[in-house]
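Here are some notes for a colleague who is opening this structure for the first time. They take up the pockets and then the aromatic rings.

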Amino acid sequence: MIHKWQSNDTAPLLRLWMESTTEAHPFIDAQYWKESEPLVRNTWLPSAETWVWMDAGELRGFISVMHSQFIGALFVDPAYLGKGIGKALIAHVKQRYADLTLEVYQKNSRAVNFYHAQGFRIEDSAWQDETQHPTWIMRWQEDQTP
């Protein structure tokens with residue numbers, strides 16, 4: 001069900017990203033995400049390695065890793081949350097990289113708790129001027145002890 005995204009057509013990824021990100025971040029105006037779409041489409045996705053979870057030919061989730069370390073995106077179709085897709089996608093990239101970092105909004109407690117359950121630990125915090133919200137910088141290392 002997981003395979004590398006090989007297509008130059010980012011439309012399915014962008015649709016899932018937009019739906020998932022607006023639902024996961026109700027504290028951020030949806031207009032911000034609409035304005036961010038060109039950056040995601042033209043910069044982030046082309047510079048990342050992306051793996052997708054497909055089910056019956058339909059995209060249900062994806063994960064993108066930038067610079068062989070930074071998880072720039074992990075999004076699951078909201079109708080499929082809690083079914084193990086995100087966990088499987090994280091496990092998939094953990095097999096490929098020994099050190100992973102990510103940034104997550106502090107108010108997105110569902111995601112923070114999910115990443116913590118996957119072995120990521122908070123290392124730092126940051127402030128996002130564009131959204132006026134704080135984030136956590138989280139990291140997972142293959143050789144860390146629990």
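1. A pocket here is an open set of grid points with protein on both sides within 12 Å along at least five of seven lines. In this predicted model, the largest pocket has a volume of about 1200 Å³, and of the 45 residues that line the largest pocket, those closest to its centre are His25, Leu74, Phe75, Asn108 and Tyr115.

2. The lining of the largest pocket draws at least two residues from each of several elements, among them helix H1 (11-24), helix H2 (30-44) and helix H4 (109-117), as well as strand E3 (58-66) and strand E4 (70-76). By residue type, that lining divides into 26 nonpolar, 12 polar and 7 charged.

3. The second largest pocket has a volume of about 190 Å³, and its lining includes Trp5, Arg15, Glu19, Met54 and Asp77. H1 and E3 are the elements that give two or more residues to this lining, and H1 gives the most, with 4 residues. The lining of the second largest pocket holds 5 nonpolar, 1 polar and 5 charged residues.

4. Across the whole structure, a search finds 7 aromatic pairs. One of them joins Tyr32 and Trp33, edge-to-face, at 4.8 Å centre to centre and with 70 degrees between the planes; Tyr32 is partly exposed at 22% relative accessibility, whereas Trp33 is buried at 7%.

5. The rings of Trp51 and Tyr97 have centres 6.3 Å apart and planes at 70 degrees, so this pair is edge-to-face too. The pair links distant parts of the chain, 46 residues apart, with Trp51 in strand E2 (residues 48-55) and Tyr97 in the loop between helix H3 (85-94) and strand E5 (99-105).

Terms used
Residues numbered from 1 in each chain as written. Predicted model: local features only at pLDDT ≥ 70, side-chain atom pairs only at ≥ 80, totals over all residues. Heavy atoms only, no water. Phe/Tyr/Trp six-rings, centres within 6.5 Å; stacked < 30°, edge-to-face > 60°. Buried < 20%, exposed > 50% of the residue type's maximum accessible area, 1.4 Å probe, protein only. 1 Å grid on protein atoms, 1.4 Å probe; cavity = no way out; pocket = protein on both sides within 12 Å on 5 of 7 lines; lining within 4 Å. Points joined across faces, edges and corners; volume = space filled by probe spheres on them. Nonpolar A, V, L, I, M, F, W, Y, C, P; charged D, E, K, R; others polar.
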